[in-house]
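Subject: Structure for your review

Dear colleague,

Please find the structure below, together with its sequence.

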Amino acid sequence: MEFKDYYQVLGVDKVTSADQIKKSYRKPARKYHLDVSQEADANVRMKAVNEAYAVLGDPEKRQAYDPLGQRYRDGQEFQPPPDWDAGFEYSGAPFADADWGEYSDFFASLFGRAAPPGRGGRGSARSMRGEDHHAKIVIDLSDAYQSATRTTTLRAARPDAQGRMDLQERHLSVEIPGGVREGQHIRLVGQGGPGQGGGAAGDLFLEVQFKQDPHYRVEDRDLYLTLPIPPWEAALGASLEAPTPSGKVQVKIPAHRKTGAS
């Protein structure tokens, strides 16, 4: 998969204002629109332009994408770095329900997270429930194993007093339930977008991901540990202490155990 320089697609640079990005999008959009364009590759060009604007025209996605553009060039071999967007708070629904035929694999690898089981802004004409927000947090395996309360910092693109988009932080106390798995969501009621006209605030859904652990490997609900033992104990059998996130346990090694056996 190749890295896509969305600024290059729209013909703008990284300091271009949001208004100018919108203007820069309109020109190629008119040129390659299928109803008017005579270009043979108009469909491909139009998809590329729409995808670039879906990122650069969205302040939250642009804030998350920009640091990647400082490390990669257009066309360079690319895989999303682990936890590249951890701590970025997004408003509204993720792209899980989008028509992915309109987007490249590159876009999907960055913004194609699973949708949390939340609700969008709903309500009567007088009151409107706030949007649900979502973010990814990275936690220690031991916290998921035993439960814990941790403070997490989220960053979000929000307008400042002058209406310019600014990267703001907020700190939240999060209760991590024991047994939570990767990909599950922790729901913080009322921590999403504010309601309107007296409507309730939306919820915040935190997608859980584990920090890489030097000792353990996680597969669904199972935990794996590589336990080195001397050859003679593998041949004769032994009872050894093995570490776990909650303390040491006794493990019986049957005789004639082979390397890699479970």
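A nonpolar core is taken here as a set of buried Ala, Val, Leu, Ile, Met, Phe, Trp, Tyr and Cys residues joined through side-chain atoms within 4.5 Å; buried means under 20% relative accessible area, exposed over 50%, and partly exposed in between (1.4 Å probe, protein chains only). Please note that this is a predicted model, in which local features need pLDDT of at least 70 and side-chain atom pairs count only at pLDDT 80 or more, while totals for chains, interfaces and linings use all residues. Residues are numbered from 1 along each chain as its sequence is written, and side-chain values use heavy atoms, with hydrogens and water left out.

The largest nonpolar core comprises 27 residues, and Y6, L56, Y65 and L110 have the most contacts inside it. At least two residues of this core come from each of α1, α2, α3, α4 and α5 (105–111), and α3 gives the most, with 6 residues. Helices (H or I, at least four residues) and strands (E, at least two) are DSSP runs, numbered from the N terminus. Beyond its neighbours within four places in sequence, L110 is in contact (heavy atoms within 4.5 Å) with Y65, L68, F78, P80, W84 and D85. A second, separate core of 17 residues includes A135, V174, I176 and V180.

Helix α2 (residues 18–32) may interest you next. Its buried residues are I21, S24, Y25, P28, A29 and Y32.

As to aromatic residues, rings of Phe, Tyr and Trp (its six-membered ring) pair if their centres lie within 6.5 Å; planes under 30 degrees apart count as stacked, over 60 as edge-to-face and the rest as tilted. By this rule there are 13 aromatic pairs. One of them, Y25 with Y53, is stacked, at 4.3 Å centre to centre and 15° between the planes. Y25 lies in α2 and Y53 in α3, so the pair ties together parts that are 28 residues apart in sequence. Y53 counts as partly exposed, at 22% relative accessibility. One aromatic cluster is formed by F3, Y6, Y7, Y65, Y72, F78 and F106.

Yours sincerely

How values were computed
Expected span 1.5 Å × (residues − 1).
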